[in-house]
Amino acid sequence: MAPVVPEADAQGPLSLVTTAPPAAAYRGNVTETTQTGSTPPGDASATRSPEYRLAKDALSGLREDLFHDAFAYRPLSRTAPDAPWVRRLPARMRPYAARVPYLAVAGAALLCFYGGLVGGYSSQWTLLSGLVCALPVLATLVRPVGAFWMSMVATPLVALLGSSLGDWPWLPGSFMCHTAVLVIVAIRTRPRTAVWMWVITAAYAFFNESLWGPGQYGSNSAPLLLLTAFALLAISLWHIRRDARQQVTAQQTVTAHERSRRTLLEERTNIARELHDVVAHHMSVVAIQAEAAPYRVENPPEELERAFATIRENAVAALTELRRVLGVVRAEDYEAPDAPQPTLTDLDALLANVREAGLGVEKAVTGAVRELPPGVELSAYRIVQEALSNTLRHAPGATARVEVAYVLGGLGLRIVNTAIPQNTFVKPSPGAGHGVTGMRERVSMLNGEMTAGPTDDGGYEVAVFLPVTAVSEGDA
């Protein structure tokens with residue numbers, strides 16, 4: 001006889017199963033074991049029906065919203081200084097806007113106190129009834145969920161203190177108090193909490209009328225439930241709209257950040273493509289000179305020939321790696337330039353093209369003109385080009401001035417344009433916003449400095465300094 005092994009059943013007591021069951025039983029056991037194994041241990045609710053899980057989640061939400069830390073201290077926050085309605089107020093009234101929520105709650109409490117006084121109560125309990133109606137409204141300032149339960153308790157208490165005449169179960173004071181508390185607590189919490197408060201209020205009204213019936217003049221449960229339903233629905237829609245606006249704002253912030261990063265990467269890629277030509281030219285010169293150098297010396301030593309051969313091999317290898325790097329940063333629609341990269345000697349041609357486009361521009365050069373490193377001259381040319389393009393795009397009809405200063409420690413650039421004339425019919429055209437970013441990247445690459453901003457007369461100015469390390473004869 002085969003031995004028996006105890007096996008745990010997910011929904012029943014231990015059962016005894018033989019280790020050698022029939023084939024059909026084996027297949028059934030395998031299927032059952034697979035299904036049971038998909039449920040985490042201890043999670044019995046996962047095997048329940050969807051209705052059970054829905055009810056459990058609903059009760060969990062009720063416990064979380066109205067029972068867990070119901071009387072926790074949650075003070076009402078002040079109005080934000082940048083709230084839309086605060087910005088519409090006169091400047092002298094904005095400092096007082098922060099106290100508006102407290103004044104609104106205090107006014108509602110005073111109104112409920114007055115409702116408790118004129119509700120037809122016995123004279124000896126009039127003041128106490130008014131205080132019972134006002135206290136839950138004031139409690140919403142510090143303990144919003146607890147104020148709801150205080151209002152629920154105040155409703156039968158006011159009915160006991162008051163007269164039996166009138167509507168039932170909410171006398172005028174408790175009617176006003178409970179409505180105010182529901183509205184304030186719904187504003188301070190979330191839509192789910194508002195739903196639960198309305199459901200509990202409806203349950204209380206149904207229980208009260210089922211047990212005692214309506215008052216002498218009838219029941220006012222339906223008006224209260226209808227009024228609060230519309231109020232809570234409007235507040236819930238306001239919550240949803242506010243949350244959606246916050247999500248859209250956050251998404252727009254993330255999108256703007258990603259767009260800024262993408263713009264920065266695109267500008268750096270463009271700079272890398274342009275500098276590739278400059279570096280490749282220098283490496284080609286090194287390779288050619290290293291190959292031709294041994295032929296300039298009669299009977300060169302063998303060590304010298306090997307040294308120049310090594311230099312040429314390294315230069316060619318560097319060129320190959322540069323081409324690979326260019327292939328990585330090359331865009332799909334990139335076309336290799338068929339002309340050398342521009343330098344400051346091509347600045348006059350650039351200004352001529354700009355004048356043909358309709359921009360009046362003049363150039364001023366100060367200092368001793370000298371040849372600068374190719375990277376510096378290329379960056380300087382591109383900065384002037386981008387600044388003039390921005391002038392054409394954003395200041396149609398204005399005039400510009402380009403100043404180039406050769407100083408001892410480097411190169412200074414200043415591109416300034418005047419304001420847009422009032423009689424111009426051409427409107428500014430918005431761009432992609434890459435211009436200033438690209439200029440800053442070029443300046444940062446060369447460890448330079450740059451300032452850009454509007455001038456006092458309504459124009460715009462770009463000032464750049466590109467440092468150039470002087471090479472002494474000993475270093476050369």
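What share of the residues of the chain count as buried? I noted that 32% of the 476 residues do, where buried means under 20% relative accessible area, exposed over 50%, and partly exposed in between (1.4 Å probe, protein chains only). The model is predicted, and local features need pLDDT of at least 70, side-chain atom pairs count only at pLDDT 80 or more, while totals for chains, interfaces and linings use all residues. Residues are numbered from 1 along each chain as its sequence is written, and side-chain values use heavy atoms, with hydrogens and water left out.

Next I looked up the salt bridges (a side-chain nitrogen of Lys or Arg within 4 Å of a carboxyl oxygen of Asp or Glu), and the structure holds 12 of them. One of these joins the side chains of Glu302 and Arg306 at 3.0 Å, N to O; both residues lie in helix H10 (residues 302-329), four residues apart, about one turn of the helix. Helices (H or I, at least four residues) and strands (E, at least two) are DSSP runs, numbered from the N terminus. I recorded Glu302 as exposed at 53% relative accessible area, whereas Arg306 is partly exposed at 46%.

I then turned to Glu362 and Arg401, whose side chains meet in a salt bridge of 2.9 Å, N to O. This pair links distant parts of the chain, with Glu362 in strand E3 (residues 360-366) and Arg401 in strand E4 (residues 399-407), 39 residues apart. Glu362 and Arg401 also belong to a network of salt bridges with Glu403, Arg414 and Glu461.
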